[in-house]
Each structure stands twice: as structure tokens, then as C-alpha cells.
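Biologist: I'm new to this one. Can you put it up and walk me through it?

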Amino acid sequence: MPRLDMDDFSRVVQETTGGLLTVPDADGISGSSKILRPRPNRRLPLTESYLQPDESQGPSSEMRLLNVGKNAQMWNECYTEHAEQKMCTSPHFQVYREQQVGLCWKESLKCVNCEYHSRMYKLYSEIETGRCGQRAATMNVALHIGLQDSTTATTKFRHILTAMDTPPPSHTGMQRTANKVAALTAQATMDDLRMRRQRSKEDQ
């Protein structure tokens, strides 16, 4: 099991009021994940350091890639839930927590006029695999399918996103997804060639 660096550790692990460390899932429920001691942050190359967000300018004005329907669902559900709890008469929502998943995002909202805060919402669609475990985000897989037919590599694509003021996925995460997509593409190609050979034999 890989150890997280200090930055990833602080984003994933939360400390309770009693001082316990927990790892909540997308719904904010703590699971039974084993927490390893974080390792020091790696020293970034100069080009990588320019990709890090500057949080010294107050509230973030960065761009996000979100599923429009799921984003609207989050706001509508939070508004309805807030009204049902009758916590305040003048709700004003803003983003409470965020978690990046490649190109995609999980978010929760809070009301600045009361103590209301929502659960974490997945603002992206997922690929149905029929298997247990975390499912891949559709957009993350679709990105690498598109990059296979392009001369743009993952490093250059991350620079493009940064120029668009959009937080890029980590290089390691993108490379891991690219390897999985390449393996699936190669398997699909072999299966297609096998079917073509079989049809050719049957036609003879």
C-alpha cells in the first residue's frame, strides 16, 4: 500500500474533535481504511512548481470541469434539504469541501449564515463495470482514449489545463489511467482481429 505525501494526506485524512484520524468516503462516512504515516513531499521540478495553485489571493477563481446535470442536482438538493431543516431564512451557499478525481471533482456545499453543510457529491459520471470497488470517472477514461489519437502527451496536456486556469490531474494519476486504457485498447484490438480471422475462415 503506497504512503501518501503530506499534501495528499492532509486532503484525504480528517481529524475528529477527539483527535482521531478518519478517512471519509464520498458520502462523508468513515470507513475502515488503514492510514499509513505520510511521507515528505517530493521536491518538484521548476516546471512542475508553476502548476501548483496560488492560494494567497483569497477565494479561488479557478475553472472546474463539472457534469452540468449533477451540479444542478447538488444545488437543488442542498436548497431543499436546507429549507426542510429550517436552519436559517436567508441561505447563502458556497463550496465547503472539494476533492479532485483526475479531471473531475467531488464537492460539498455549506451555508455561510448557519451551520448547514451537505454531503459530498460526485459531479461526474462513472463507468459501469459490474464489479465491486471504486469506478473510473467517464471523463478521465475518455481523455486518454482521445490522447491515443493525438500527438499531445500527458505533460503537455497538463500545461494546457494550467493555461486555462484549470487544476490539472497529477502526472502519476494520469499515467496510471493511460496505462490501463492502453491495455484495454490493445485487448479490444486483439479481440477484433481474432473475430475477423474467424469470419475469414468461416467464409472460405
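**A buried cysteine and its strand**

Modeller: Start at Cys104, which counts as buried because its relative accessibility is 0%. Keep in mind that this is a predicted model.

Biologist: Which strand is Cys104 in, if strand 4 covers residues 104-111?

Modeller: Strand 4 itself, at residues 104-111. Seven of its eight residues are buried, so the rest of the structure largely encloses this strand.

Biologist: What does strand 4 pair with over eight bridges?

Modeller: Strand 3, residues 93-101, in the antiparallel sense. Gln94, for example, has Lys110 in strand 4 as its bridge partner.

Biologist: How many residues sit between strand 3 and strand 4?

Modeller: Two, and the strands form a hairpin. Gly102 is in the turn, with a positive phi of about 65°.

Biologist: And strand 5, how many bridges join it to strand 4?

Modeller: Two. Strand 5 covers residues 121-122 and runs antiparallel to strand 4. Lys106 stands opposite Lys122 there.

Biologist: Let's switch to the inside. Which residues make up the largest nonpolar core?

Modeller: It has 10 residues: Met74, Cys78, Cys88, Phe93, Leu109, Cys111, Cys114, Tyr116, Tyr121 and Leu123. Helix 3 (68-85) and strand 4 are the elements that give two or more residues to this core.

Biologist: OK, zoom out. How many helices and strands does the protein chain have?

Modeller: Six helices and five strands. From the N terminus, the order is α-β-β-α-α-β-β-β-α-α-α.

Biologist: What share of the chain is buried?

Modeller: 24% of its 204 residues. The accessible surface comes to about 14700 Å², and carbon and sulfur atoms hold 52% of that.

Biologist: Last one. What share of contacts with a separation of 6 or more comes from residues 24 or more positions apart?

Modeller: In the protein chain, 48%.

Note on methods
Residues are numbered from 1 along each chain as its sequence is written. This is a predicted model: local features need pLDDT of at least 70, side-chain atom pairs count only at pLDDT 80 or more; totals for chains, interfaces and linings use all residues. Side-chain values use heavy atoms; hydrogens and water are left out. Helices (H or I, at least four residues) and strands (E, at least two) are DSSP runs, numbered from the N terminus. Buried means under 20% relative accessible area, exposed over 50%, partly exposed in between (1.4 Å probe, protein chains only). Contact means heavy atoms within 4.5 Å. Accessible areas come from the Shrake-Rupley method with a 1.4 Å probe; for residues, only the protein chains shown count as cover. Two strands pair if DSSP finds at least two bridges between them. A nonpolar core is a set of buried Ala, Val, Leu, Ile, Met, Phe, Trp, Tyr and Cys residues joined through side-chain atoms within 4.5 Å.
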